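I opened this model to look up a few sites and spaces. My entries follow in the order I made them.

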Amino acid sequence: MAELLLAKGYEVHGIVRRVAIEDPEHRLVRLEAVRSRIKLHAASLESYASIHQVVANVLPEECYHLAAQSFVSYSFDDEFSTLNANVNGTHFMLAAVKNVVPECRFYFAGSSEMFGKAEEVPQTGRTRFHPRSTYGISKVAGFDLTRNYREAYGMHASSGILFNHESPRRGYEFVTRKITSGVARIAAGRSTELRLGNLDAKRDWGHAREYVEAMWLMLQQDQPDDYVIATGETHTVQEFVELAFAHVGLDYRNYVTPDPDLFRPAEVNLLLGDASYAKNRLRWSHVVAFEALVREMVEADCRTLGVQAKVRSMV
Ligand code: GDD
């Protein structure tokens with residue numbers, strides 16, 4: 001997001017926790033490409049005062065609220081901190097913007113996890129929410145808060161209901177990066193096994209670089225609104241695994257071990273989004289195909305470990 005905004009000539013400010021500012025080598029490693037060109041402020045989603053202060057110092061014209069406890073699995077381990085950070089954090093952001101810079105355009109990162117046990121396929125902006133985790137519940141609450149600030153206070157506040165979006169910068173705990181980094185380690189001879197949970201879950205995976213374009217477009221519209229952002233294609237975790245291993249010339253069946261501990265107490269089995277509203281209104285569409293996304297992530301992790309990926313036809 002920061003890269004996109006810088007390329008468009010924006011002055012970019014970001015909020016990080018104080019511990020991250022004090023330990024940038026470890027905590028801010030994924031901001032490396034932009035760190036010298038953005039201004040970071042210490043604040044916490046748990047403190048209204050800290051957020052209010054940053055908003056008052058920066059006086060932003062656009063605010064992209066992407067911060068959250070975003071790992072669904074972890075939300076089963078600590079429901080309380082997930083709800084606290086995600087619901088109150090969003091409320092604090094909205095309230096600070098409303099109180100200090102009410103003209104500021106606001107983006108809320110909604111999630112396809114809000115559809116959860118989806119009642120229809122594909123999911124659109126009219127599909128009912130049935131979240132399956134406190135993470136999903138917290139995103140529904142954030143979505144409702146955002147809409148309420150729009151309706152009650154006339155704020156230009158929009159939500160993107162984004163389906164899974166990935167890139168080589170993805171955190172290692174999410175399944176795509178866990179797989180591609182695991183494949184690279186196995187290809188490098190540093191590991192012999194990859195433990196995974198539910199291989200049958202289906203996700204609509206797109207490229208994060210294209211999804212941030214959609215967020216930006218939402219805030220350039222005259223009227224605020226809510227949009228589903230997705231590719232319209234769904235694949236199982238197993239398909240991702242097969243392609244990733246095939247890319248280094250290996251058969252996943254020799255390395256993947258099922259681990260019952262990695263299954264979730266309540267799973268979201270099938271996500272498939274219909275982004276036609278965003279296509280019509282924002283003129284947004286995705287280009288990067290599933291195979292290209294897997295390849296880019298495997299190659300990036302292989303490069304880091306000095307492994308040459310054997311390019312094979314990925315059917
Ligand atoms: N993380 C993980 N680790 N997931 C696994 C594993 C494993 O070892 N094995 C199987 N899976 C399955 C999960 O059960 C899930 O069905 C699927 O892989 C994807 O899991 P994640 O990559 O952790 O992502 P997510 O779909 O739960 O959530 C992501 O996408 C949402 C948008 O739909 C996150 O980025 C959320 O923050 C985001 O809102």
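**Entry 1: a histidine pair.** I started with His-41, which is buried because its relative accessible area is 13%. My cut-offs: buried means under 20% relative accessible area, exposed over 50%, and partly exposed in between, with a 1.4 Å probe and protein chains only. His-41 sits in strand 2, residues 39-42. Strands (E, at least two residues) and helices (H or I, at least four) are DSSP runs, numbered from the N terminus. The side chain of His-41 makes a polar contact with the side chain of His-13, at 2.8 Å. A polar contact is a pair of N or O atoms within 3.5 Å; within protein, one must be able to donate a hydrogen and the other to accept it, and residues adjacent in sequence count only if both atoms are side-chain atoms.

**Entry 2: ground rules.** The model is predicted, so I noted its limits: local features need pLDDT of at least 70, side-chain atom pairs count only at pLDDT 80 or more, and totals for chains, interfaces and linings use all residues. Residues are numbered from 1 along each chain as its sequence is written, and side-chain values use heavy atoms, with hydrogens and water left out.

**Entry 3: the ligand.** Ala, Val, Leu, Ile, Met, Phe, Trp, Tyr, Cys and Pro count as nonpolar, Asp, Glu, Lys and Arg as charged, and the others, Gly among them, as polar.

A polar side-chain atom of Lys-178 lies 2.7 Å from an oxygen of the ligand. For Arg-203, a side-chain N or O atom is 2.7 Å from a ligand oxygen. Taken alone, the ligand exposes 720 Å², and the protein buries 96% of that. These areas come from the Shrake-Rupley method with a 1.4 Å probe; for residues, only the protein chains shown count as cover.

**Entry 4: Arg-203 again.** I came back to this arginine. Arg-203 belongs to strand 8, residues 202-203. Is Arg-203 buried or exposed? Arg-203 counts as buried because its relative accessible area is 7%. A polar atom of its side chain also lies 2.8 Å from the backbone oxygen of Val-268.

**Entry 5: the second largest pocket.** I read its volume as about 340 Å³. A pocket is an open set of points on a 1 Å grid over the protein atoms alone, with protein on both sides within 12 Å along at least five of seven lines; a cavity is a set where a 1.4 Å probe fits but cannot get out, and lining residues have an atom within 4 Å of a point. Points are joined across faces, edges and corners, and a volume is the space filled by probe spheres set on them.

This pocket has 16 lining residues, and Thr-124, Gly-125, Arg-126, Asp-226 and Tyr-277 lie nearest its centre. Helix 7 (134-153), strand 10 (226-229) and helix 11 (276-282) each supply at least two of the lining residues. Helix 7 gives the most, with four. The lining splits into six nonpolar, three polar and seven charged residues.

**Entry 6: the cavity.** How many cavities of 30 Å³ or more are there? I count one. The volume of the largest cavity is about 40 Å³. Its lining includes Trp-205, Glu-233, His-235 and Phe-290.

Entry 7: Most residues other than glycine have a negative phi, and most peptide bonds are trans. I looked for exceptions. Val-121 and Pro-122 are joined by a cis peptide bond, with omega about -5 degrees. Pro-122 is in the loop between strand 4 (105-111) and helix 7. Leu-59 has a positive phi, near 50 degrees. Its place is the loop between helix 4 (48-58) and strand 3 (62-65). Arg-283 has a positive phi too, near 60 degrees.

Entry 8: Arg-283 is exposed because its relative accessible area is 69%. Trp-284 is buried because its value is 4%. Trp-284 and Ala-214 are 70 residues apart in sequence, yet 6.3 Å apart in space, C-alpha to C-alpha.
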